[in-house]
Amino acid sequence: MTFPVRVSARPDVRRWAGAAALAAVCSLTLAACGGDPAPVSDETSEPPAGGSSEPAPTASPSEPTGSPTASESPTESPSGTTVPVYFAGDGPDGSTVLFREFHRVEGDPLLEAARLVVGGAPDDPDYRTLWPQVEISSVAATDGLLVVEMPGDGFTDRPDGMGERDARLALQQLVYTLQGVQQERVPVLVRRGGSDFRIFGLPTDVELEAANPIETLNLVNITSPAQGDTVTGDTLTVTGVASSFEAAGPCRLLRGDEELAMAGYQAEGWLDRLFPFEAQLPLDGVTGEVTLQCETDDPSGGTEGPGPAVDTKTITVG
């Protein structure tokens, strides 16, 4: 996938919320541990549109509080379990933020999801993991904790090129993933081998909480269709999660710089976390490989601030 296309000419521009005010874009200031738990990121996990063979968990309404949400609940099948996994990507201001994908694993869902974080490859080429290859031998839910065993003593210091912010965000990759699989926003404790219990220069003898979702996650994340899906029919149903100005924003179908279709979405909320949204895009006359792009609203039209948060998926219209 190429870098997300920003369409500068926007015919029939709509103020998605009917107001012209600036959306606040939070800087990434991650807390690796301590303090009160941040609000839960209530994210949905709708099944992919079109003919995807990789099922995602059933949709469930978001909960309005910081309590655990069933919307990320792993889906079991005879061929494995589909789990949420968080990867890193680029936010609108160039900072690193987290995006969520669903992956099918076999065996212990907690352990296999953790191993995808530290050594797996995302389906979307725009995403990446911040972790070097690190061994994880087990993940256990015990006494209100998710305990991760890392028997090796490598990477007690940060690898070359990794700043402290990315180090903290790498830990949040693990925290958000394990809490999503477990369906509880309980702390994560990393146990290391050797005599130095740090990882990437950060202590692991403390319980890691989920950081504020608005400061940690990309503010829009497409759930379905997934990267590489083939879709059919007259209308494409797009689902995802977002925290956009007045809960609204656009989704587009693009081929290069050409906009093939556009529709607005209205999410269930905004400001404190990401909320579910759905959009219906017409597929009349659209065939072949296209880019689906969803954005947060940018009331300033690009004149102020870093611009909208963006997520894209390359799909094929059959």
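The largest nonpolar core of this predicted model has 73 residues, among which Trp-131, Val-238 and Leu-253 touch the most other members. Such a core is a set of buried Ala, Val, Leu, Ile, Met, Phe, Trp, Tyr and Cys residues joined through side-chain atoms within 4.5 Å; buried means under 20% relative accessible area, with a 1.4 Å probe and protein chains only. Helix 2 (residues 164–182) gives the most to this core, 9 residues. Helices (H or I, at least four residues) and strands (E, at least two) are DSSP runs, numbered from the N terminus. In soluble globular proteins, nonpolar side chains tend to be buried together.

Strand 2 (residues 80–90) is largely enclosed by the rest of the structure, because 10 of its 11 residues are buried. Strand 2 pairs with strand 3 (residues 96–105) in the antiparallel sense over 10 bridges, where pairing requires that DSSP finds at least two bridges between two strands. Val-85 stands opposite Glu-101 in strand 3. The hairpin of these two strands has 5 residues between them, and Gly-94 takes a positive phi near 85° there.

An open sheet is formed by 5 strands in the order 10-16-15-12-13, with mixed pairing. Strand 10 (230–231) and strand 13 (258–266) are its edge strands, each pairing on one side only. Strand 13 pairs with strand 12 (residues 248–255) in the antiparallel sense over 8 bridges, and Gly-264 in strand 13 stands opposite Pro-250.

Residues are numbered from 1 along each chain as its sequence is written, and side-chain values use heavy atoms, leaving out hydrogens and water. Local features need pLDDT of at least 70 and side-chain atom pairs count only at pLDDT 80 or more, while totals for chains, interfaces and linings use all residues.

Key. Buried means under 20% relative accessible area, exposed over 50%, partly exposed in between (1.4 Å probe, protein chains only).
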